[in-house]
Amino acid sequence: MSLSKNNPQLQQAFNDSLSRIRARFVNELQDRVVRLDELKEHLAKIPTDRIALNEVGQIAHKIAGTAATLGFPNLGSLATETEDYIHRFAETGMPPYHDVRAKVDAFYDCVRDVGASVPARDENS
């Protein structure tokens with residue numbers, strides 16, 4: 001039995017709450033694009049800076065679980081892959097750095113595109 005059939009007001013309240021959470025997530029994505037852009041510029045100068053790579057991995061980790069839940073499955077998958085690539089590179093030096101950088105670039109592009117393509121709503125509405 002569907003929640004909306006049993007209680008339309010409850011379904012609407014749930015949808016409104018989910019919309020606010022999604023808006024907050026998109027707003028945070030837009031903020032994370034700025035930081036990821038800074039990290040990409042830094043990595044262009046110092047390609048294997050493990051601190052910068054680790055920060056990209058942390059950002060990917062924060063996005064990975066939430067993205068799919070809020071309707072962005074491709075972003076969630078790419079975030080998980082990026083985090084995995086960075087951790088494996090840090091631990092073993094594999095995959096090769098150029099593969100890690102390509103994954104970081106793809107992740108950045110996806111975060112930027114999702115953040116730009118979904119109009120962020122006012123979190124209080």
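Author: The protein has five helices and zero strands, where helices (H or I, at least four residues) and strands (E, at least two) are DSSP runs numbered from the N terminus. This is a predicted model, in which local features need pLDDT of at least 70 and side-chain atom pairs count only at pLDDT 80 or more, while totals for chains, interfaces and linings use all residues. Residues are numbered from 1 along each chain as its sequence is written, and side-chain values use heavy atoms, with hydrogens and water left out.

Reader: What percentage of the 125 residues of the protein count as buried?
Author: A residue is called buried under 20% relative accessible area, exposed over 50%, and partly exposed in between (1.4 Å probe, protein chains only). Applied to the 125 residues of the protein, this gives a buried share of 36%.

Reader: Which residues is Ile63 in contact with, leaving aside its neighbours within four places in sequence?
Author: Contact means heavy atoms within 4.5 Å. With neighbours within four places in sequence set aside, the partners of Ile63 are Phe25, Leu29, Arg32, Leu75, Ala79, Phe107 and Val111.

Reader: How many residues apart in sequence are the parts that the pair of Phe25 and Phe72 ties together?
Author: Rings of Phe, Tyr and Trp (its six-membered ring) pair if their centres lie within 6.5 Å, and planes under 30 degrees apart count as stacked, over 60 as edge-to-face and the rest as tilted. By this rule there are two aromatic pairs, and one of them joins Phe25 and Phe72, which are stacked at 5.8 Å centre to centre with 25 degrees between the planes. Because Phe25 lies in helix H2 (residues 8-45) and Phe72 in the loop between helix H3 (50-69) and helix H4 (73-92), the pair ties together parts whose separation in sequence is 47 residues.

Reader: Which helices hold Glu81 and Lys103?
Author: A salt bridge is a side-chain nitrogen of Lys or Arg within 4 Å of a carboxyl oxygen of Asp or Glu, and the whole structure has eight of them. Glu81 and Lys103 form one at 2.7 Å, N to O. The pair ties together parts that are 22 residues apart in sequence, because Glu81 lies in helix H4 and Lys103 in helix H5.

Reader: How far away is the nearest side chain of opposite charge to Glu83?
Author: Lys and Arg count as positive and Asp and Glu as negative, while His and the chain ends are not counted. Glu83, which is found in helix H4, is buried yet has no salt bridge, and the nearest side chain of opposite charge, Lys62, lies at a distance of 11 Å.
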